[in-house]
Amino acid sequence: MHRKFPNLYKCKFWSSHIIFDEVCMLVQTQAFCVSYGNPNFPTIKEKDPEEIDLADFNAENENHIIVREIAFGPFLSPSNCHLALFFNISDKDVHPLTPK
């Protein structure tokens, strides 16, 4: 995944979502289309995965992948933010954090 906002990693952790019962910050979401070879041994063909619009992403399409960059860390901490990439998490497992 490339960074659309290269200086974003310098921002402070701000809780925005809950994923798998963990509070986190959703940094970015991107969708890709890949071409697979033999279904028993999927390999990407000659060309790289192609980024597609999130509006065009279809979870039922086996060639579509959604990647979310997610940060975990202490509230408002610029130095203890841990980034992770999550692949194909269903939208039903990603919940915006709502104030109580």
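Because the model is predicted, local features require a pLDDT of at least 70 and side-chain atom pairs count only at pLDDT 80 or more, whereas totals for chains, interfaces and linings use all residues. Residues are numbered from 1 along each chain as its sequence is written, and side-chain values use heavy atoms, with hydrogens and water left out.

The secondary structure comprises zero helices and six strands, where helices (H or I, at least four residues) and strands (E, at least two) are DSSP runs numbered from the N terminus. Read from the N terminus, the order of elements is β-β-β-β-β-β. Of the 100 residues in the protein, 25% are buried; buried denotes a relative accessible area under 20%, exposed over 50%, and partly exposed in between (1.4 Å probe, protein chains only). The protein exposes about 7300 Å², of which carbon and sulfur atoms supply 55%; accessible areas come from the Shrake-Rupley method with a 1.4 Å probe, and for residues only the protein chains shown count as cover. Among the contacts (heavy atoms within 4.5 Å) with a separation of 6 or more, 54% are between residues 24 or more positions apart.

The pairing of strands can be followed from β2. Two strands pair if DSSP finds at least two bridges between them. Strand β2 (22-33) pairs with β1 in the antiparallel sense over three bridges, and H17 stands opposite C24 in β2. Strand β2 also runs antiparallel to β4 (residues 64-72), to which eight bridges join it; here Q30 has V67 in β4 as its bridge partner. A further antiparallel pairing, over three bridges, links β2 with β3 (residues 50-52), and A31 has I52 in β3 as its bridge partner.

Strands β1 and β2 form a hairpin with two residues between them, and F20 lies in the turn. The phi of F20 is positive, about 50°, although F20 is not a glycine. With a relative accessible area of 49%, F20 is partly exposed.
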